[in-house]
Amino acid sequence: MSGTIKFRYRTIDFPNLGIHLKSVGDHITVFGFDSAYYGIVIGIGILAGLMMAVMEAKRTHQNVEDYNDLAIYGVIFSIIGARAYYVIFSWDMYKDDIKSIINIREGGLAIYGGVIAAIITTFLFAKKKKLKFSLLCDTAGLGLIIGQVIGRWGNFFNREAFGQVATSKNPFMMRIFFDDNYSINQVPDAVRIGMEKLKGMDLSEIGYIQVQPTFLYESVWNLMVLILMLIFRKKKKFDGEVFLWYLFGYGIGRFVIEGFRTDQLIMPVTGWPVSQALSLVLAVVAAVVVVVKR
C-alpha cells in the first residue's frame, strides 16, 4: 500500500527517548467545526516562512512588499502544485472519486510539487515586476526551508510519512498504538509483514506498529540545511547560490530519507520512487552549477 494512511488512534510512544504521548489527536473542534492539525501546522509553517523571507529582505535592503505580494501567489500555487504532484503519482487512489482530489484536510500534499510550483511562480513574478529572479530565490528559499522544517510535523499528527519497521535498537523508534477503530488495511504491507516477522505473531495481536519516524528525520535535516544556508548566505559569490545550496542540501537528505519510507510515490514504467529520483537529479545539478559558477 502507498499514499496517505489515516490512523484512528491516539497513543504514540518514543520508548528509547522516554516519551509517552497518551492522547494525540488529529484535529481541534471550534464552534462545531473541525480543524485538522495538519492544516494548522502547514499554516504556521507558511507564516514562519514569510517572516524569514521578510527579515532577509530587510537585511539585504530589498522591498519587503515584493515578498508580501509574492507570498500570496506563492502559497496559492504551491498548494495547488503540491496537490497536483501527489494526485498525479497516486492516480489509482483518485480515479474513481474525482471529488476527493480537492480534499486536502487529511493530507496528500507532495513537497516537491509545491517547490516546483513556487519556482515557476517566482520566475513569472520576477518577470512581471522586473526583479532579479536569482535574488528572489535566495531570499524566499530561506522561508521555504523553515516552512518545511515546521510543516513536516503535520505528518506526525496525521500518522503518515513514517518509514519501515524499526528495531528496538533504533534510538528514534516510534510506536503507534491501535484502538477499537483500527483497520488492518490502514497499515502498509511492508510494515505489516515487517512487524509480524519481528514479533513472530499476527499484527492484530501486537497492538501497535513500530516504525522509523521519517518525518522527524526530514524535519531535523531541514533544520541543519537552514542553519548552513544562514551561515553561507554572507559568503555567496553570486545571486542564486543560497537557493542552489538549498536544492543540494535538501536533495541529498530527501534522497536518503525517502529510501526509508513505505508510502513513496512511484514513477510509472520505471518503478522508481519519483521524489528520490528527483532529489538526486536536483542535488547533482545544483552542485555542478555552484562549482562551475564559482
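Me: Is the crossing of α4 and α5 left-handed or right-handed?
Reply: This is a predicted model. In it, helix α4 covers residues 111-129 and helix α5 residues 133-151. The hand of their crossing is right-handed.

Me: Which term describes the direction of α4 relative to α5: roughly parallel or roughly antiparallel?
Reply: The two helices pack with their axes 10 Å apart, at an angle of about 150°. Angles over 145 degrees count as roughly antiparallel. So α4 is, relative to α5, roughly antiparallel.

Me: How many charged residues does the contact of α4 with α5 have?
Reply: From α4 come Ile111, Val115, Ile119, Thr122, Phe123, Phe125 and Ala126. They meet Phe133, Leu136, Cys137, Leu144 and Gln148 of α5. By class, the contact has 10 nonpolar and 2 polar residues, and the number of charged ones is none.

Me: Which are the edge strands of the open sheet?
Reply: The sheet has 4 strands with antiparallel pairing, in the order β2-β1-β5-β6. From one strand to the next, the twist averages 15°. Strands pairing on one side only are β2 (19-21) and β6 (208-211).

Me: Which residue in β2 does Asp13 stand opposite?
Reply: Strand β1 spans residues 12-14. It runs antiparallel to β2, joined by 3 bridges. Opposite Asp13 stands His20.

Me: Which helix packs on the sheet, touching β5 and β6?
Reply: The strands touched include β5 (174-177). The helix direction makes about 95° with that of β6. The helix spans residues 189-199 and is α7.

Methods
Residues are numbered from 1 along each chain as its sequence is written. This is a predicted model: local features need pLDDT of at least 70, side-chain atom pairs count only at pLDDT 80 or more; totals for chains, interfaces and linings use all residues. Side-chain values use heavy atoms; hydrogens and water are left out. Two strands pair if DSSP finds at least two bridges between them. Axes are lines fitted to C-alpha atoms, for helices over the stretch in contact, and angles run from 0 to 180 degrees between N-to-C directions. Contact means heavy atoms within 4.5 Å. Angles under 35 degrees count as roughly parallel, over 145 as roughly antiparallel, 65 to 115 as roughly perpendicular and the rest as oblique. A crossing is left-handed if the near helix is turned anticlockwise from the far one by less than a right angle, and right-handed if clockwise. Ala, Val, Leu, Ile, Met, Phe, Trp, Tyr, Cys and Pro count as nonpolar, Asp, Glu, Lys and Arg as charged, and the others, Gly among them, as polar.
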